[in-house]
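Here is a short report on a structure with helices to follow and chains to compare. Look at the model first, then read on.

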Amino acid sequence: MSATANQAARQAFAPNWAARAGLVALALYAVYAMAQLDITWARLATGFGEAGRFLARMWPPNFARWELLVEGLLESIQIALLSSALGILLSLPLGLMAARNLSPAVLAMPTRAFVALCRSLHYVIVAILFVKAIGFGALAGVAALTIASMGFIAKLFAEAIEEISMKQVEAIRATGAGLGAVLLYGVLPQVASRFTGFCLYQLDSNLRNSTLVGIVGAGGIGGTLFAAFKRFDYDFVAAILLSIIALIFLAEVVSGRIRAAMR
Amino acid sequence: MSAPSIAGSAALAREWHRHTPAERIGRWLVWLAIVAALVWAVRTVEIIPEFLHDAPEQMADLLVRMWPPDLAHYYPSVHAALVETLHIATLGTLFSFILAIPLALLAARNVCRNPVLNGLAQLLLVSSRSVNSLVWALIFVAVFGPGAAAGTFAIAFRSVGFVGKLLAEALEETNPGPLEALKAAGAPWGSLMLKGVWPQVQPAFWGIALFRWDINVRESAVLGLVGAGGIGVVLDDAINFFQWERVATVLLAILAVVIVAEIVVTRIRARLI
């Protein structure tokens, strides 16, 4: 036994058999899963041939129907703005209620569960449910993205509030201030800059998501995109995709600037 | 004697302002811009008042129709779709790593010294990230036809940008010391990577893999809505046939898988890192 131990110690880079076995297991799983999902080389080969034809039909991008494009993009921006505003407004009380250092456990636990529920369903699924319940259009998109925003920023708000120093809060309480004053002068100054950061981040991500909810009929450029796909208007699809990417890129640049200015 | 004290108290009595006038105008302009944007959005967004009016009733009606969930429907059709979703997520993550590792090596400025290749790799990573997974799914449905293959590739291509960016950042943060030592010993490139770089990026690597797998489980649940396989197909069918009890079953199944995936990932991460 000591002989093998010595040998292993002498070898500078001993082979890691556990890792190798893990790699083999992963490769076997990949083969099994590919068989299960019916992914074969023949299919991939025809697929890549199709991809060439597909790309050829996308070029050049067709901006002839730019009015439709601008209309869709503007609606997406509107959905993003409204859902961010509503989501932030609703998240402020929710975040406070979910913070375990300021609210009693009776209130914090159900709020945390509700926020987790908002977060765990994908926003497109929520959008379908809203489309079925309240009809096609921007309203369903706003509602779905509001739910998604609540799930994310209420959680971040709660975490930020839980990290504050309780000394200021106690000092304000000691002066006999009411709940409103404690929140305004004891809690808010400590979390305001992080809250602004979260809000900016959420606006950015809502803008990305609002270009998509239209695929299930919840308004915005996604509906135009899906319609163009269904009619095999691939040059218009390319135009829409390019403008979505440009919009998101622009938003990223702007929010990066704002973030740099705030520092 | 009294004159300086009066002057001193006058200086003290001067009102203190937290912000300079320029800052106040700046803040005021930011608030104005936010309010103006919201007013513009509210006034021009196309919301049909009748829809808004009876929205609460309609939501309540939908929830009533969903109750009780048709749990008998779970086996076998929902179960099979759920397993397919997990396969799509896992295989997609695996494929994305195969594509992302070379791109990350090219994008990391300390591994690849050529700025043109760095820029090209960064461009590919950014374009992968800026197209949403559902849009990738639409593209791959057009390429491969409907089915799980399209979903797997959509997940893989969407994840490449995310994984590649984080891996490249981890690579750039490595300590050059071990690499230099290996280089001085005359080790070939493969050994440099395997014994000099890999041990340093390993924790970040597993962290990224777990994080992305968790996201992919969520994302692959919706790919079926555009025909790219998984549980989304079952959900779409149930919604199109207005079988709301079945919709509730599918939603509960998705919820359960998402929560289980999150718990599994947190457990493994706590053990690994």
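This is a predicted model: local features need pLDDT of at least 70, side-chain atom pairs count only at pLDDT 80 or more; totals for chains, interfaces and linings use all residues.

Sorted by type, the residues of the contact of α3(A) with α11(A) are 5 nonpolar and 2 charged, with no polar ones.

## An antiparallel pair

Now turn to helix α7 (residues 138-162) and helix α9 (residues 179-210) of chain A. Their axes come within 10 Å and cross at roughly 150°. The cut-off for roughly antiparallel is over 145 degrees. α7(A) and α9(A) are therefore roughly antiparallel to each other. The crossing of α7(A) past α9(A) is right-handed.

On α7(A), they include Gly141(A), Leu145(A), Phe152(A), Leu156(A) and Ile161(A). On α9(A), among them are Val187(A), Arg194(A), Phe198(A), Gln202(A) and Ser210(A). By type, the residues of the contact of α7(A) with α9(A) come to 12 nonpolar, 6 polar and 1 charged.

## The fold and spread of chain A

What is chain A built from? Its elements are 11 helices and 0 strands. Read from the N terminus, the order of elements is α-α-α-α-α-α-α-α-α-α-α. The radius of gyration of chain A is 26 Å, while the globule rule gives 18 Å for 263 residues. The value for chain A is well over the rule, so chain A is more spread out than a compact globule. Along the principal axes, the C-alpha atoms of chain A fill a box of roughly 80 × 75 × 40 Å.

## Details in the loops

Some backbone details sit in loops. In chain A, a cis peptide bond joins Trp59(A) and Pro60(A), with omega about -5°. Pro60(A) lies in the loop between α3 (41-58) and α4 (66-98) of chain A. In chain B, the peptide bond from Trp67(B) to Pro68(B) is cis, and omega is near -5°. Pro68(B) is placed in the loop between α4 and α5 of chain B.

Phe232(A) has another feature to check. Its phi is near 55°, a positive value in a residue other than glycine. Where is Phe232(A) found? Look in the loop between α10 (221-230) and α11 (234-262) of chain A.

## Where the chains touch

How many residues of chain B are in contact with chain A? There are 44 residues of chain B, and they touch 41 residues of chain A. Several elements of chain B give two or more residues to this side, including α2 (21-44), α5 (74-107), α8 (148-172), α10 (189-220) and α12 (244-272).

What types of residue form the side of chain B that touches chain A? They divide into 32 nonpolar, 8 polar and 4 charged.

Terms used
Residues are numbered from 1 along each chain as its sequence is written. Chains are lettered from A and ligands numbered from 1 in the order in which they are written. Axes are lines fitted to C-alpha atoms, for helices over the stretch in contact, and angles run from 0 to 180 degrees between N-to-C directions. Helices (H or I, at least four residues) and strands (E, at least two) are DSSP runs, numbered from the N terminus. Angles under 35 degrees count as roughly parallel, over 145 as roughly antiparallel, 65 to 115 as roughly perpendicular and the rest as oblique. A crossing is left-handed if the near helix is turned anticlockwise from the far one by less than a right angle, and right-handed if clockwise. Two residues are in contact if their C-beta atoms, placed from the backbone, lie within 7 Å. Ala, Val, Leu, Ile, Met, Phe, Trp, Tyr, Cys and Pro count as nonpolar, Asp, Glu, Lys and Arg as charged, and the others, Gly among them, as polar. The radius of gyration is taken over C-alpha atoms; the globule rule is 2.2 Å times the number of residues to the power 0.38.
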